[in-house]
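Please read this briefing alongside the model.

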Amino acid sequence: MAKAVLATLTHCLFVSLLLKVLFLLRHRPSEQVYGQLSGSCRSVMLLGIYGTMGLKVTCQGVRSSSFSLAALFKNFEAFPLDELSPLSCTGRGPDWENPANIAVNDVSGNFSLTLVDVLDTLVVLDDPPGFQDAVKNVIDWVSFDVNTKPQVFETTIRVLGGLLSGHIFASNPNQSFYLPWYRGQLLDMAYDLGKRLLPAFATPTGLPYARLNLRHGVRRGESLDTCTAGAGSLMLEFATLSRLTGDERFEKAAYKAYFALWNRRSDLGLVANTINIWTGSWMHPEVTGIGAGIDSFYEYALKWYILSGEVEFLDVWQEGYAAVMRHVRSLDGHWYRTVNPHTGDQVYSTIDSLSAFWPGLQVLGGDIPNAIKSHLIYWNLWRRHSGLPEVWDTHAMQATSFQYPLRPEFVESTWYLYRATRDSYYLDVGERILKDLVIRAKVDCGLTGIKDLRTNARDDRMESFALSETLKYLYLLFDEENHLNNDDSHYVLTTEGHIISLPQEVLRPMSPARRRLRREENLQCPAYHPFQGFVPNGVVDGLVRGVGSRPDIDYARELIGLRPQPLDEHYWSPDGWCSVPQVDPFAYDFIMSPGGRKVAEDPNPGSQKLQLVADGFLLQNITGIRARIVSRLDGKGYDITKLGPHAIRTGQLVYINDTALLMAEDELKLVQRSDVRLRIFLDTMDPLLPAHPGMVDLNAEFHVTAHTATFGADVTQAKSVESLTFGHAQGVRIQRDITNPLGCKPFDQNFAGDAVVVWRGDCTFIEKLVYARDAGASGVIVINTDDLAINPSANADEVAAAGELQDVALVLIPHTAGKNIAAMLDTSGGFGYGNVLFSIDSDGWSSQPKAGEDKHDDRGETLHVLYINGHPLMNTRLLV
């Protein structure tokens, strides 16, 4: 049907309207039809917008059409001006009459801004003729010998980045955008522009002035304040310019500016928003977050590492990300606050639209679960306003600035998440964005910004990023076959969406000394694991579900005060439930001591305690040393990232040779009890058992890691202790008392050696074990209120008061696994499946640091690592 309808349409505008139908049906037009479209009309079909820009283009014979984005500006008399005014169908440049109008003059420098900014958008659209025309027009028309004062940051990311990306494609003979006649003119222009920007860096700190005149340089009386993003987001473009021209001045200037900011971070590891470029002092009010003024500082740390492999930027990214996740992230893990960089206290309760880039950056950094959470906030903001307001107050649950100037950040993050998850949920998001742009922003001459999302009052301005980013990311979202979506090279998209890559010959290998110090960079980029659904009683139903079925999906919607919409109800189920998120700590500090005793901190440990070795650090005495641990993205535990004043880099190891860890067994119990792996199973599964209404297809067997208590019997010794029946290999029956679900009062029945399952809460762990012992149970399985790992403990007085506990044991299991056990008990009791049993899987123990016990990594290497609260510290090695 889609093919037949498409064949009757000859105008690209109608093809764009068909897109919505194709989306809803989840069909793609046939390759035969699709292949007959030019690159330009393919972009119309897949984007649904370019064909609405007043262009008289048909899809029949369009391979000979002269249409391109570059021609758009000529058609409406915008070329060679900087921007298109879509309501008046004219061009616009700097505000010559009002030089103080920085909203315009910071970006409009009288250098055909939009034309330069969209060069690689034509590459994404697979339009070689349009790309060639645009390159010719830039060469013929653009000059930087102009008496204008644009912003250094905006000129760098929009113009310098556009020229470099255009040069990379025009000069590469191994792809379809190679121009045989091209002789490096775009690179020459970029070099000229770079030299004109260099005087901005002539300050005592190396931090650049925010603005300078491209003809006359920095004028007397120029402002001395700049934002962190403005001064710290120049590395990609400036360093690429240096690598391609051989002139190191640009890379050195950007490098010095970047680390002038990073080296002034607070004790919490956070950089503030605004700084004095002359004194290097942070300016009042000192605030930080992930939005305007900060955003691309973190982005360029990760992306320059990806592009160049220079590990100091990886170090900045990892330390900065951990600091943000610890001090800026909200308690529910869904949004990011504006805080004081020195205390972490919240200063403002607002979210700005620029921060919508963050989920995409989290995807690029490998943290997909947290990216999904943060994206939900911006998605619900978009749904509530049919656009993304500039500022949102999380406390008042109300927008305070209702403009939407066609910003790309939310679309960018949606593209990253779709590429990482392949969840069609994000195509639904893209479809809604597309629909709203067509309805609200489409006019005869292009797309117009929105001055007020409440009234749809329009602004006669289409900023260059609408074409260089917003529509580019939408196109990439829907074009599965786009070469960029299938390119696994080290290319990056800059903060303006420009495609940058470096040839192998300009990459600098790590020095042998640094390589020996850091060893192999054990980076983590775990694959996405889709959400797996549960039925109400907690049994995994075996279905892999999309993001829309997550139990926190409605929580995120309620944070924005958005009423349920049809898309929400599509994912609703009678078996569903909502959850209030509980977030694991991403990073935290603690002061180490054998046995967990409270000791004074040693802020400057000497060489007798801590020594630098070839591939990391040797820790001879752990007492009093502050350690910072950060969650691993692969879910395998934590890594130590700081010991006292010393940073532990990716690839380094911490060797622990403290003989105090070899204390008496009684003292070791608090730190050396092993986690165990429980096998939960049914003793009968009769295949001839008749089906009953409401029966569930439950898992007949599963395994779960249980966290052992520091009191009672040591279940890891179950094989050698005859009196201990808890978890023996033949299986122990699990029972429960529905009248005493928490186990915090005497039981009315005798469990006769079975184990009793109870829920955490209302009384201490040891009280639960005493009540179970008195009722004849062999032990207690406690279901946690969350999935965090802790080892239940009790002080010496509580243990003494409890009496004999050597024959009974207590373990704590995660909440998710506990729901599964509860469901199995429900089903076995209701339908006669048999008994629910468990045993301790002796092959699956996860041990605390004990002499002679080993752990293995994915390559089979034997590891002997330190544990904290049941979590392995994977970059440690125990030598004792």
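Phe410 touches Ala356, His375, Tyr378, Trp379, Trp382, Leu388, Val429 and Ile433, leaving aside residues up to four places away in sequence; touching, or contact, means heavy atoms within 4.5 Å. This is a predicted model, in which local features need pLDDT of at least 70, side-chain atom pairs count only at pLDDT 80 or more, and totals for chains, interfaces and linings use all residues. Residues are numbered from 1 along each chain as its sequence is written, and side-chain values use heavy atoms, with hydrogens and water left out.

**Nonpolar cores**
- Phe410 is among the residues with the most contacts inside the largest nonpolar core, which has 159 residues; the others are Phe131, Val138, Leu163, Phe238, Tyr298 and Trp358.
- Another core, of 27 residues, lies apart from it and includes Val715, Val811, Phe838 and Ile840.
- A nonpolar core is a set of buried Ala, Val, Leu, Ile, Met, Phe, Trp, Tyr and Cys residues joined through side-chain atoms within 4.5 Å, where buried means under 20% relative accessible area (1.4 Å probe, protein chains only).

**Helices α20 and α21**
- The axes of α20 (residues 425-440) and α21 (residues 465-478) come within 10 Å and cross at roughly 140 degrees.
- Tyr426, Leu427, Gly430, Glu431, Ile433, Leu434 and Leu437 of α20 meet Thr470, Leu471, Leu474, Leu477 and Phe478 of α21.
- By class, this contact of α20 with α21 has nine nonpolar, two polar and one charged residues (Ala, Val, Leu, Ile, Met, Phe, Trp, Tyr, Cys and Pro count as nonpolar, Asp, Glu, Lys and Arg as charged, and the others, Gly among them, as polar).

**Helices α14 and α15**
- α14 (residues 249-262) and α15 (residues 295-308) pack at about 125 degrees, with their axes 12 Å apart.
- The contact is made by Glu251, Tyr258, Leu261 and Trp262 of α14 with Phe297, Ala301 and Trp304 of α15.
- By class, the contact of α14 with α15 has six nonpolar, no polar and one charged residues.

**Helix α26**
- Phe765, Ile766, Lys768, Leu769, Val770 and Ala772 of α26 (residues 765-774) are buried.
- The buried residues of α26 pack against β28 (755-759), β29 (779-783), α27 (796-802) and β30 (809-813).

**Asn784**
- Asn784 sits in the loop between β29 and α27 and is buried, with a relative accessible area of 1%.
- Asn784 touches Arg760, Leu812, Ile813, Pro814 and His815, not counting residues up to four places away in sequence.
- Asn784 and Pro814 are 30 residues apart in sequence, and their C-alpha atoms are 5.2 Å apart in space.

Terms used
Axes fitted to C-alpha atoms, helices over the stretch in contact; angles between N-to-C directions. Helix = DSSP H or I, 4+ residues; strand = E, 2+ residues; numbered from the N terminus. Buried < 20%, exposed > 50% of the residue type's maximum accessible area, 1.4 Å probe, protein only.
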